[in-house]
Amino acid sequence: MPLPARLARLSPEVRASIFHFTVFTTSGAASAYFGVWMAGKGLSTAEIGIVNAAPVFALLLINLFVGRLADKANDWRQVIILLSVAAGAISLGMFFVSAFVGILIVWTLLNIPTGSLPPVLDAATLRMTERNGTSFSAIRGWGTLGSMVATAATGLIAAWLGAVSFVPVIVGISLLRALVSLQLPRFRAPERAVTMPGAEARAGQLRQVLKPWFVLPLVAFALVQATHFIITAFVALVWKEQGVPTGVLGLLIATSPASEAVAMFAWRRIGGRVSARNMILAACLATVLRWVVVATSPPVPVLFLAQMLHSVTFAIGYLGSVHFIANWTSEDIAAEAQGFSFVLQQGAAVVVLLLFGWLVGMFGASAFFVAALMGLVGAVCVLVSLRLKPPRETALGAAPAS
């Protein structure tokens, strides 16, 4: 039996999981070697910063538009395939650039479709699992595993073959993602049928929910998510200056995604009784604890425990965020609403990266107390939202409506 026919016989959840495994591979590979590759091409640290920041600004401008387009399509699958194929085609341009301007243009163009995928895919997968009574978090966990595998594999390949291997790796995983997207299932209910409990009460236009009670929890998670960018940009540098061995640094950084994956796969068994906004609140409080610990420059074993809090600050907070949006919005604006949350997260990340570049230079590890303060502000946002709009009693999806 041909491979496409075999894949078509798999359940929608398995087919979605296979694709999720590929979604974050580009960012995983880039985190392992992109900076080193650019430095080898003669780019300065300032130019490397611009190359990394440009896609974020581009996504801020277009993400809501992509989400709106996906919601208007017959099925989100069509836009997901279009974005995946576009990324695969654009990645070929990496073979032809070696200077700052060329790398900036191609990398930004590549990251527009790859960065637009997650909000659309989140919306599509969550609606499908709601309808089928299956686990969104277990499917999303494969995305984390894919990123981890890509990071580790890129590092090993680069160590074996050198810098020349980086572009083939990026192109290879981009083309693989495009190919895998073709086996995705249909995500929408037939003819957009209203099949979920409470679906008729969900907003059909984004402006209907752009009110403080709805926006504040998304702002809270955006603040929490922004602190995760600090880990990639600054934490390893500070820990190295504190004398943490290089080999241990890698293990410390790897602890975060590993704990995230465990939480994603375990949530189906241990979750379901906590409201979506309380999940975001838990992430905010865990953020306060995590960064207070890191800011005090504790011993390495304590740092490992702090890194394990990523299972709450990201995994639980992220699940709470996507369920919160789904609980209050209809399929008609599913991707657009997730895109709105993504824009808030990216905007907060840009501000935080610029701010912490200065704070870490001035105060070292003590700058991380500001990250703890961000978690505290996020907790206040959630509490105000709960006061303005108490949770509904019925459960929708993997987390009760909130």
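Mentor: Start with alanine 286, which is buried, as its relative accessible area of 8% is under the 20% cut-off. The model is a predicted one, and that applies to everything said here.

Alanine 286 sits in helix α11, which covers residues 276-295. Apart from neighbours within four places in sequence, alanine 286 is in contact with Leu309, Val312 and Thr313. Valine 224 is 62 residues from alanine 286 in sequence, and the two are 9.4 Å apart in space, C-alpha to C-alpha.

Now the chain around this residue. Of its 402 residues, 54% are buried, and alanine 286 is one of the buried residues. The chain has 15 helices and two strands. Its radius of gyration is 21 Å, close to the 21 Å given by the globule rule for 402 residues, so the chain is as compact as a globular protein of that length. The C-alpha trace spans about 55 × 50 × 35 Å along the principal axes. Among contacts in the chain with a separation of 6 or more, 85% are between residues 24 or more positions apart.

A second residue to look at is threonine 26, in helix α3 (residues 25-40). Threonine 26 is buried, with a relative accessible area of 3%. Not counting residues up to four places away in sequence, threonine 26 touches Trp107, Thr114, Ile170, Ile173, Ser174 and Arg177.

Helix α3 also packs against helix α4 (residues 45-72), at an angle of about 135° and with the axes 10 Å apart. This angle makes α3 oblique to α4. The crossing of the two is right-handed. On the α3 side the contact involves Phe34, Gly35, Met38 and Ala39, and on the α4 side Ile48, Val51 and Asn52. By class, these residues are five nonpolar, two polar and no charged.

Two of the residues touched by threonine 26, Ser174 and Arg177, also belong to the contact between helices α5 and α8. Helix α5 (residues 76-91) and helix α8 (residues 166-181) pack at an angle of about 155°, with their axes 8 Å apart. The two are therefore roughly antiparallel to each other, and their crossing is left-handed. From α5 the contact takes in Ile81, Ser84, Val85, Ala87, Gly88 and Ser91, and from α8 Val171, Ser174, Leu175, Arg177, Ala178 and Ser181. The contact of α5 with α8 divides into six nonpolar, five polar and one charged.

The last pair is helix α2 (residues 12-23) and helix α6 (residues 100-132), which pack at an angle of about 160° with their axes 11 Å apart. This makes α2 roughly antiparallel to α6. Their crossing is left-handed. Pro12, Glu13, Ala16, Phe19, His20 and Val23 in α2 meet Leu117, Pro118, Leu121, Thr125, Met128 and Asn132 in α6. The contact of α2 with α6 has eight nonpolar, three polar and one charged residues.

Technical notes: Residues are numbered from 1 along each chain as its sequence is written. This is a predicted model: local features need pLDDT of at least 70, side-chain atom pairs count only at pLDDT 80 or more; totals for chains, interfaces and linings use all residues. Side-chain values use heavy atoms; hydrogens and water are left out. Axes are lines fitted to C-alpha atoms, for helices over the stretch in contact, and angles run from 0 to 180 degrees between N-to-C directions. Helices (H or I, at least four residues) and strands (E, at least two) are DSSP runs, numbered from the N terminus. Angles under 35 degrees count as roughly parallel, over 145 as roughly antiparallel, 65 to 115 as roughly perpendicular and the rest as oblique. A crossing is left-handed if the near helix is turned anticlockwise from the far one by less than a right angle, and right-handed if clockwise. Contact means heavy atoms within 4.5 Å. Ala, Val, Leu, Ile, Met, Phe, Trp, Tyr, Cys and Pro count as nonpolar, Asp, Glu, Lys and Arg as charged, and the others, Gly among them, as polar. The radius of gyration is taken over C-alpha atoms; the globule rule is 2.2 Å times the number of residues to the power 0.38. Buried means under 20% relative accessible area, exposed over 50%, partly exposed in between (1.4 Å probe, protein chains only).
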